[in-house]
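Visitor: I have a protein model to look at. Can you walk me through its pockets?

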Amino acid sequence: MTHNLPVGIAGLGHAVPDRVLDNDWFTQFIDTSDEWIRQRTGIVERRWLSEDETTSDLFIRAGQMALDRAGVKPEEVDLIVVGTVSGDYLACPASACIVQDKLGCTNAAAFDLAAACTGFLYSLQVARQFIMTGTHKNVLVIGGEGLSRLLDMNDRNSVVIFADGAGAAVLQPHETCQQGLIEDITLGADGAGYHFIIRPKGGAKEPVTPEILAEGTHLLRMKGREVYRFAVDRMSELMAWAMEGQDVEDVGWVFPHQMNRRILETASGKLNIPNEKVYINIHRFGNTSAGTVPICLSEAYGNGELEKGKLQILAAFGAGLTWGAARVRW
Ligand code: UT7
C-alpha cells in the first residue's frame, strides 16, 4: 500500500440561505450604520438562516452540488468530514451524520471537526490523508456555519460580520479526477488565544443555567480589535508560505478567509499580490467562518475561473486560535 498518493479536488459546491440582510437591518438592535460596516469590514449584505432552515440543510445542498459536479454517486462516498462549530446540535450528534443520512451516503463514515474559521482547511488536510494512504477513494469535505443562531445581538463586533453558508469539495486520487492537485497544506494553532473568539459558557465546563441564558454568555463573543492584529500577521505569513518559491504570474487566485476586507488587502499588499488576484465576496456573504474559503472556490469553479495549471492559494485564520493554508494546482 502506498502512503503518498497525490490527491485532487473532483468537484466543488456551495449553498447560502435565501434570506438577505442589509447593514441597515442591524440598526434596530445596535448603534451602528451602513457606512461604518462598509468602511470597516467591506460587508454590504449577508445571508442568515430563515426560521425553518438549519445548518445541515446548507451542508446537504453544498455537498449534493459538489457530488453532482464531480459525477460521484452518494453511495460511492466513503467518508464525510464537516468543519463546523455551529452544527445542528451541541456537538452530539455530529452534523456529518445528518448529512450522511440525508444525502444517502450509505457507505460513508462521518464526523465533524471543530477548527472555527479554519475548519475547511483542517478538514481538507484530514480528508486528504485518507486518500493519500490509499484506504479511501471519495471523501466529501464540507465547511460551513449557521453562526447567526449563536450570535449575541448586543455584541457590535461579531453580530455585523458573521453569517451563514457552506461550501463542499469531493476529494479523489488525482489520477482519477485529473484536476485540483493539492500540492501542500500547512496548519497551525495557538491555544493561548482561546479567549479572543469564544462562547464563554454553556459547555461542559460551565453547563447552561437560567443565569447563563439570561446574560447570554453561551453566545459567541469576539474581541475584534485584538484578533485584528493576529489576523493580519497570520494571513500574510500564510500567503508568504504559499508563495515561497512560486512566481506571482503563476497564481490564479488567492482564496482567503473572508473575515474583513481591510485585513485581506493589508495582508496581500504586504506580499505584493495584486488585489485583482484576491478573491473577495465578503460584500455579498459576510464572514461565514468555515464556509468562506470553499464558497469562494466553488463560485470561481462554477464561473469557469479556475484556469488549468494555475496555482490556487487557500488561507484561513480563526478562533482557537487556528490557521491554515493550501496550495492547489488546478
Ligand atoms: O473570522 C474570524 C477572525 N475574525 C477576525 O479576523 C475579525 C477581526 N476583527 C475585525 O474585523 C474588526 O476588529 C471588527 C470589524 C470586528 C471591528 O472593527 P475595528 O475597526 O477593529 O473596530 P474597533 O473594535 O477597534 O472599534 C472602533 C470603534 C469603537 O468605538 P470607540 O471606542 O472608538 O468610540 C467601537 O465601539 O468602532 C466602534 N464599533 C462600532 N461602531 C459601529 C465597534 N463595532 C461597531 C459597529 N458599528 N458594529
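Visitor: How do the residues lining the second largest pocket divide into nonpolar, polar and charged?
Guide: This is a predicted model. Take the charged residues of this lining: there are five. The polar ones number nine. That leaves the nonpolar class, with 13.

Visitor: Which element gives the largest share of the lining of the second largest pocket?
Guide: Several elements give two or more residues to this lining, among them helix H1 (34–41), helix H9 (261–270) and strand E12 (311–318). Helix H8 (224–243) is also one of them. The largest share is five residues, and it comes from H8.

Visitor: Where does the second largest pocket lie?
Guide: Look at which domains supply its lining. Domain 1 (7–178) gives residues, and domain 2 (182–329) does too. The pocket therefore lies between domain 1 and domain 2.

Visitor: What is the volume of the largest pocket?
Guide: Its lining is made of 43 residues. Those nearest the centre include Val85, Ser86 and Arg199. The volume is about 1,100 Å³.

Visitor: Which strands give two or more residues to the lining of the largest pocket?
Guide: One of them covers residues 109–113, and that is strand E5. The other covers 197–198.

Terms used. Residues are numbered from 1 along each chain as its sequence is written. This is a predicted model: local features need pLDDT of at least 70, side-chain atom pairs count only at pLDDT 80 or more; totals for chains, interfaces and linings use all residues. Side-chain values use heavy atoms; hydrogens and water are left out. On a 1 Å grid over the protein atoms alone, a cavity is a set of points where a 1.4 Å probe fits but cannot get out, and a pocket is an open set with protein on both sides within 12 Å along at least five of seven lines; lining residues have an atom within 4 Å of a point. Grid points are joined across faces, edges and corners, and a volume is the space filled by probe spheres set on the points. Helices (H or I, at least four residues) and strands (E, at least two) are DSSP runs, numbered from the N terminus. Ala, Val, Leu, Ile, Met, Phe, Trp, Tyr, Cys and Pro count as nonpolar, Asp, Glu, Lys and Arg as charged, and the others, Gly among them, as polar. Domain bounds come from an automatic or database domain assignment.
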